[in-house]
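Let's take a walk through a protein model together. Have a look at it first, and then we'll go through it step by step.

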There are 2 protein chains.
Amino acid sequence: MDSQYRRSSYGYFDDNAREYVITRPDTPTPWINYIGQEEYFGIVSNTGGGYSFYRDPRYRRITRYRYHSIPIDQPGRYIYIRDAETGEYWSATWQPVKKPLDFYECRHGLGYTKIRSRYRDIETEVTYFVPLKQTFEVWWFKIRNLRDRETDLQLFTYVEFCFWDALDDMTNFQRNLNIAEVEVEDNVIYHKTGYRERRNHFAFFASSEPIVGFDTDKEVFIGLYRGYENPIVVEEGVSRNSIVYGGHPIGSHQIRLRLKPGEEKEIVFILGYAENPPEEKFIAPNIINKTRVKQLLREWLNPDRVKQAFEELKKFWDDTLSYLHVETPDEDINRIVNIWNQYQIFITFHLARSASGYETGIARGIGFRDSNQDILGAVHLQPLWSKIRERIIDLASIQFPDGGTYHQFQPITKRGNREIGGGFNDDPLWLVASTIAYIKETGDFSILFEKAPYDNTPGTEEPLYEHLKKAVMYIDRNRGPHGLPLIGHADWNDCLNLNVMSTNPDESFQTAPDRTDGRTAESIFIACQFVWAVKELAEVAERIGRKEDAEYFRKLVNDMIERVKKYGWDGEWFLRAYDAFGRKIGSKENEEGRIYIEPQGMCIMAGIGLDDGKAIKALDSVKKYLATEHGIILHWPPYTKYYVHLGEISSYPPGHKENASIFCHPNAWIIIAEAIAGRSEQALDYYKRLNPSAREAISHIHRTEPYVYAQTIAGPASPRFGMARNSWLTGTASWMFVAITQWILGVRPAYDGLMIDPRIPKEWSGFKMVRRFRNATYVIEVKNEEHVNMGVKQIIVDGQPIEGNIVPAFNDGKVHHVVVIMGKKE
Amino acid sequence: MDSQYRRSSYGYFDDNAREYVITRPDTPTPWINYIGQEEYFGIVSNTGGGYSFYRDPRYRRITRYRYHSIPIDQPGRYIYIRDAETGEYWSATWQPVKKPLDFYECRHGLGYTKIRSRYRDIETEVTYFVPLKQTFEVWWFKIRNLRDRETDLQLFTYVEFCFWDALDDMTNFQRNLNIAEVEVEDNVIYHKTGYRERRNHFAFFASSEPIVGFDTDKEVFIGLYRGYENPIVVEEGVSRNSIVYGGHPIGSHQIRLRLKPGEEKEIVFILGYAENPPEEKFIAPNIINKTRVKQLLREWLNPDRVKQAFEELKKFWDDTLSYLHVETPDEDINRIVNIWNQYQIFITFHLARSASGYETGIARGIGFRDSNQDILGAVHLQPLWSKIRERIIDLASIQFPDGGTYHQFQPITKRGNREIGGGFNDDPLWLVASTIAYIKETGDFSILFEKAPYDNTPGTEEPLYEHLKKAVMYIDRNRGPHGLPLIGHADWNDCLNLNVMSTNPDESFQTAPDRTDGRTAESIFIACQFVWAVKELAEVAERIGRKEDAEYFRKLVNDMIERVKKYGWDGEWFLRAYDAFGRKIGSKENEEGRIYIEPQGMCIMAGIGLDDGKAIKALDSVKKYLATEHGIILHWPPYTKYYVHLGEISSYPPGHKENASIFCHPNAWIIIAEAIAGRSEQALDYYKRLNPSAREAISHIHRTEPYVYAQTIAGPASPRFGMARNSWLTGTASWMFVAITQWILGVRPAYDGLMIDPRIPKEWSGFKMVRRFRNATYVIEVKNEEHVNMGVKQIIVDGQPIEGNIVPAFNDGKVHHVVVIMGKKE
């Protein structure tokens, strides 16, 4: 791409390659990518920074990363290149040496990152990825001599091993500096700290090329008081063959290359995780049994095998992305929907909120609320269905017998996290939502009869349906003075803590106890969420023959709607809550925090106010008070001081995080609400304010990656207005995907088929979508020749008009052509 | 000092100044010092690295330090100096710029560190210290132009603020990157993150010199992808006057100096901690009330005031060290006993095991066992008496009603730490030991009648004496098959876990539950410790008229002695324990871990085996199997694999930590045992192997500071044999002081006076000690003209011979001259 067409000085989208191409290394924050698809994952930044782990980023951290190191984003997966004649050295990934490269390019693709560089006519390319189904990563390295003379080069690899438990690794030096152990055999460095005791796992780092030296002791390799930018071993060009024993274990190979003019060399490095059965751990006292690893390396230390695996990875993503593909007049929509948003959803589904550039992998729970919402955007990805089904059952299994639930579970034990406990009263309803989304996508009602225990207690198993019913009953039972749901410890907004009354700065708002009886503070958000979710559950109940339940649910829903209208309306918008003293929150009666985003979105998504003008009034208020050029803020005005009765929300400086930043996640609800309300242009407008590709041109302000959503963007009350934080692992990914595909483009799964109801700008002449849905492929062409912004006149399936706007689920493995004619019905 | 007399290339002791002088900055590990005496503490390394905190190093961390950063030992208290004409810049403390200085010298003194440097004829000196009773630190800075021309200089200070909770600070970036707030007023930078919400404290960083610029945003000051060695602001010489808002808060002043040839300038920087009463937090919305700080700065931003405070600090240490002073023929003894060991004990008493170069200040408990032992060496320091008394009562207050105890308490709440819990069965007896040491030193029997609750539960208060009695009864009640004390979760050796049976690598041995019924594994160590402590308690009981108790105690002691002799002797040495299956540990029946150090020391200290040859035999075995040139190892042979029935001890690689390293703490017990056994030369020999000053010449092997003890020195099974780890915060400090002063020099407090019973090498002609004891000063001159190694012939006090070897407690505020004639009694 010619740079004159670029919107950003940092890079550009290469949509054909499904890559984001970064063209200068010094991005405003490390712009990261993930490698790994299943159990072995890694973070890779655009300069090679990052780390890897096996399943659990806290307890099985393989390599070390220093969050917010100085310089930032160190260490990582490094290859130092040294000109043996001049002694000059640099890095294949710019960092850590940071020599001004003659050429630099980082391509973040799906499950891989490729970084190319050129310095004094030595060209390198390194591709990092995890082959499908494997528990190791490959560094596929190519180096080429563009000089007109033979060149003598030395390569030094570098990884820094973590002592497995990432928290202990950075806090327990009195112990950790005594435990390091490694082995070096053939060209392979084995990191085996802890293996001689209880661990049955170790790491290995191998080279396809013979090594002329190695190092495993950080202090020896780097040298006292030196940095990654000038390790003594690289500077002097002499490996020490150090064997660490206590101290910090690293892996560094040295390879000597004599390259003729124009000659290219391919080398494969493999960094992996391995386990042995307890009875087969050793072949001699304290010597690892390496049989399995050696076998694996025989296969994989081979560029051809690696190339094949890379192609397989590409195919995996071809397939994964083929379940939903759109062509709209809008380039930002196309690339984000077709590539990056789905990729982000895939990562978010797997990693929850555990390991990113901001999440250190230490606080390791799978959030109940988070993961249920992550499913909403992931459920069309059929390769994930069995995992999603399992996740839903795992989540149901940490419910309490009363229908409430733990707020998190631990990924390895799958047990509820007792430190945080329960009492987040929106939680149970998200399980209803994810189950319904799963059923609508898959048609698999059988999940409702799958049994799950309560609080993981054997003997308490009941069908999932009963869990959902108990979730409803939990809300029904826990209502306050206005008959609205009690908020509990917090609802979706974790930081609105109406019962905590915290005055101790040393306690976390999340784990602090509630200090009221909890029977007064009510959430209008949960009330609307209840209507939204339980309305659907009523239909599900009916479909499985539970008529009485359906009636009970509908009665509750109707009662809740009335209460929201009566006690939840502030005149121009929906109220947010009643506090522990029964006072309104998010009301014109308040000085600060007069209007909140969440109920405006959720109440309208629940259908409340569409009949009586409240919805439009509320959305107009959102536009008037909350909308900014960078998105919609959480509430207005920001809290300028700490309110003990509101909690963490007022703890942040104005404009940041829950205190009136653009919290991106509920922006999607407003987009959906605008679409529901028929204001398609407004819906798309809001959508585009957050679409990361559409923000690419302001990367210097936005700062985080232009290919994925972030959790927050600083609001206008902040001097950093427009600056994003906490990219990658956010519910925004799921919800923005739902908003654009199901509510703006309007193609959404229903029990019996695909409902199509687009809400698009009048100026669009239409769009296309290919949607694989329940064992059939729908090639949908939406035509908007009348240039309306909503309304389907007719749908023609395989040449035949159908009644209504639900295209049937054919389940026949075939391709079906669907033409949707928009316009005013005659 | 002329370098030719130096034993080390890294530095030398300046005993007159009571300083260790480091003459090259690149020490093998950061060689640190502490500033602060009471509530505000800081760590300062020889290159300015380190951090500060107020009372609690986890919850009131003022500045940030990256443990094991790359480069190591960053950040710290930095002053960058920039030549405004050439643009060249360097650091007053070598780090972080690391320019090769023309002169460098770091002087670690008592409560202060002074670093001097010279670069291109600009000379600087910076002295860091905390004035007595203050909650701030001073950087007393001098700069002098040695050039023959006027020079235009810029100074840039640098501190990096911590978000108060040191653990959160390094793990919770999704939150922390949003909360930073500062104010800059006059020449003062105020760090007020969290102040707008629940915190009532803030930090401030002030300069006595007007500033021409400042920065408070780390990213702005350092620049993206740069390091502390080349901040963009310093490189360009232009402060940005940045106000951080979210991001990382720092404090940097810029000062412009035009120095004439020979001109010197003195500048005071003050970094402090301040609190405001809740109702006086603000003077305007979100604007700190700075009244108190301004008042304080008016007084203190003044080199004269600072100089005076520095003199006061010197006087404080003159006084503190005047309670015990020796002159022996051995320089290493003199300097370590008179200066460094007492200083280390002072620090250890205050900081327990919380914050050092190895302890990150996160795991913040005050250990029951640790702190009681810390008191043994600290109790002669009269300025600490009221704190020691309080500490003993605090420790008693976490005892359980059954006489057992929590293993740790939290310094702010003083409540027992539930995560670790209790069941460390040696713990209660250390309370007996510390109380007795306190009484013997102070004569204050009234502490026994001071009331303390159990488990901090109001209403359960009983006199301390009852707590001690319950401790005895706890041991009596918890005995195993041989009638020996049950070991519980562990005894003194935390890592000998006979009941844990851990197979899960993700659990800590310390917090893992016991998986046996705990009724079989017995500790010979505790048996001997019981004899050692309860023998003394019997005498105390008698002295306060509890004759029945005294009899009961003595009966138990005699019974225990018989059991140790019968079941605790292995033929050549004392056994260590019986495991959960009733098998011997530390026996010739074992393949590994055949002999342990602990019981050999403690049993003989308890007097067991002195009558029947066992003591000498055991000590000979120690010499034969455990003694090395670098000290005595914990056990032999090391464990080469993990034993589930032994636990953490076998988890370490051989030669490190509890697996057969030279664990220094129990070395003191062997030294005492040798002294008791009358083998004075051997006692001193062992003592000198660990005396840090005596190890100064092998600093390149020893690696940690040559002025303080470390917890461990790698044993011969390690390739790092002789390398120390975990310097500063170790029970070694207390015990080695007790060993040398009370058992080798032989001057020890007794209930009625000072007992004098030296065990010194024959070649010594004597030694002197000045000892302030219970409101009198004893100038003791020991004469060994007969060149014996033990035995007091006569003691002459103020010219009059006395009977026996206990010099009375005169309590008259006067100086008494004591002459001790060693030799064989006629």
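This is a predicted model: local features need pLDDT of at least 70, side-chain atom pairs count only at pLDDT 80 or more; totals for chains, interfaces and linings use all residues.

Residues are numbered from 1 along each chain as its sequence is written, chains are lettered from A and ligands numbered from 1 in the order in which they are written, and side-chain values use heavy atoms, leaving out hydrogens and water.

Now for the overall form. The C-alpha trace of chain A spans about 80 × 60 × 50 Å along its principal axes. Of the 826 residues in chain A, 69% are buried, meaning under 20% relative accessible area (1.4 Å probe, protein chains only).

What about the partner? In all, 78 residues of chain B touch 78 residues of chain A, where contact means heavy atoms within 4.5 Å. The area buried between the two chains is about 6700 Å², and carbon and sulfur atoms give 53% of it; buried area is the accessible area (1.4 Å probe) that two parts lose on being put together, summed over both. On the chain B side, R198(B), Y225(B) and Y245(B) lose the most area to chain A, together 16% of what that side buries.

Back inside chain A, 68% of the contacts with a separation of 6 or more are between residues 24 or more positions apart.

Technical notes:
Buried means under 20% relative accessible area, exposed over 50%, partly exposed in between (1.4 Å probe, protein chains only).
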